[in-house]
Amino acid sequence: MSLKHPTSRVREQITSLKPYVPGLSIEEIRSRYGCENVIKMASNECALGVSPLVQERIAKMASSVFRYPQGGNPRLVKALAEKHNINEKRIVVGNGSDELIDLLMRVSCNILQDNIVCCKPCFGMYTVQAKICGVQLRQAPLNEDFSIPFVELFALVDEHTKLVFITTPDNPSGYCPSLQDVLDFSEKLPSQCLLVVDEAYMDFAMDNEYGTKYSLLDSGIYRDNIAFLRTFSKSYALAGMRLGYIVLPEELADYLWRARMPFSVNILAEEAGLAALEDIVFYEKSLQVVRTGREQLTKGLKKLGCKVWPSHANFIMFAPPKGNDVATLFEALLKKGFILRPLKSYDLAHLFRITVGTEHENNNFLQTFEKILK
Ligand SMILES: *Cc1c(COP(=O)(O)O)cnc(C)c1O
């Protein structure tokens, strides 16, 4: 028997959601095109694989997974507090940054009343979670050079704005605003509004020519209206473990903990995170690979006539030379076993994003790309 009004069982915010379309996997490309060697440069994962110390600890921990994790993940929180030299009470860990973005909205925003402000385009999680949570989304288009439109963002803020999201370095451009610009912006915001600075890629940013950092968190600057999102998915090579954290004012952190699923960070993720923080040699190496690979790809792509945007992240945004279409190039690269990210879903159909690989992978890509280009 069919239901007369099947959708009435589902909230309106949910019926209009489109299914998440994941990128192509290595296995799919292997079987579809018969490529032996597939190189994925699409999802900003770490090119070096998993730290050996992390693998060892996960294996050791396998015999403990019959137990629940310790409530509040205190060992991990303590290690993070030491890393950043901050009070433990300001930290909440989550099942990837994704969980924390969702928590922030559910904790701060009144449904069908409050709004959040972010850039366009931006990380999909901000917009999708806002929709699910029944929170109005207001977006300011990025400036033409992909810098952050602080004036336009501020113009969207009103007494019902609870959260403003900025990503620095930004995804997909790699752009990084100066500390001062972010601080100046934060100081103008009304008191009910929290500025969320998503620093998922901050570890890869180079200090500017004056030796100044780009991270407020790393600079030890505290404001009671700023939160910082960090993840273990990129520089710590743990994307599949799902582990992220947020640093925010103590009072808010307390409420996030109350609203969080009690065991969202599982035993293996916690152990992996601790080991990743310990393995400084691997971490430094992963930063080095990105910094040198970024130069290598930038130079190589420019030599092939591409327009390349300067990046502070572990990826590069670029436009192929005139006369080449991104969708066609994408298919041609897939046939050769290279998965890149065409930026159509960001409304940037003329652009690619490529994740920095190892020196060898970058070289192979550049050689293949040269052959494909007209
Ligand atoms: C990759 C990424 C994250 C990390 O998300 P996780 O859920 O921690 O894997 C967060 N923000 C942005 C902008 C990203 O690109």
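Student: Does Asn44 count as buried or exposed?

Tutor: Asn44 counts as buried because its relative accessibility is 1%, where buried means under 20% relative accessible area, exposed over 50% and partly exposed in between, with a 1.4 Å probe and protein chains only. This is a predicted model, in which local features need pLDDT of at least 70, side-chain atom pairs count only at pLDDT 80 or more, and totals for chains, interfaces and linings use all residues. Residues are numbered from 1 along each chain as its sequence is written, and side-chain values use heavy atoms, with hydrogens and water left out.

Asn44 sits in the loop between strand 1 (39-40) and helix 3 (52-61); helices (H or I, at least four residues) and strands (E, at least two) are DSSP runs, numbered from the N terminus. Although Asn44 is not a glycine, its phi is positive, at about 60 degrees.

Leu112 also has a positive phi of about 60 degrees without being a glycine. Leu112 belongs to the loop between helix 5 and strand 3, and counts as exposed because its relative accessibility is 69%.
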